[in-house]
Amino acid sequence: MTQHVSDIMTSAPVTVEPQTSVTAVARIMRDQDLGAVLVTDGDELRGLVTDRDLVVRSLADGGDPEQVTVAGACSADLVTVAPEDDLDHAIALMREHAVRRIPVVEGGHPVGIVAL
């Protein structure tokens, strides 16, 4: 029996706006025990930011984490899947693009995340 992305995805993903500070995103991740949040502009997916992205792309460069926004830290070149996609397809994309998380998009709007 074929498994679909919707069978294992984390639904109702946490989202933040691009102008959200790195500190605020780090607190959200800590408080909700998350390794990644989606960056949206309104209802449109703009990127994905991980805890590692915050460290490597923001904190390591210096600057005030209260002033630096998540827009510069997020991965904007995203690979996405749909809820009805086969799970094997999502796994293949993760391997091909060397990513651990893929946003799930339906009708152009983020509805979940698939993680290893």
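The points below go through the salt bridges by group.

The model is predicted, so local features need pLDDT of at least 70 and side-chain atom pairs count only at pLDDT 80 or more, while totals for chains, interfaces and linings use all residues. Residues are numbered from 1 along each chain as its sequence is written, and side-chain values use heavy atoms, leaving out hydrogens and water. The whole structure holds five salt bridges (a side-chain nitrogen of Lys or Arg within 4 Å of a carboxyl oxygen of Asp or Glu).

**The network around R46**

- Salt bridges link D41, E44 and R46 in a network.
- R46 pairs with E44 at 3.4 Å between the closest N and O atoms.
- R46 also pairs with D41, where the closest N and O atoms lie 3.9 Å apart.
- R46 is partly exposed at 38% relative accessible area (buried means under 20%, exposed over 50%, partly exposed in between; 1.4 Å probe, protein chains only).
- D41 is partly exposed at 40%, and E44 is partly exposed at 40%.

**The pair in helix α3**

- R57 forms a salt bridge with D53, with 3.9 Å between the closest N and O atoms.
- R57 and D53 are about one helical turn apart because they sit four residues apart in helix α3, residues 51-58 (helices are DSSP runs of H or I, at least four residues, numbered from the N terminus).
- R57 is partly exposed, with a relative accessible area of 37%, whereas D53 is buried at 10%.

Conventions. Helices (H or I, at least four residues) and strands (E, at least two) are DSSP runs, numbered from the N terminus.
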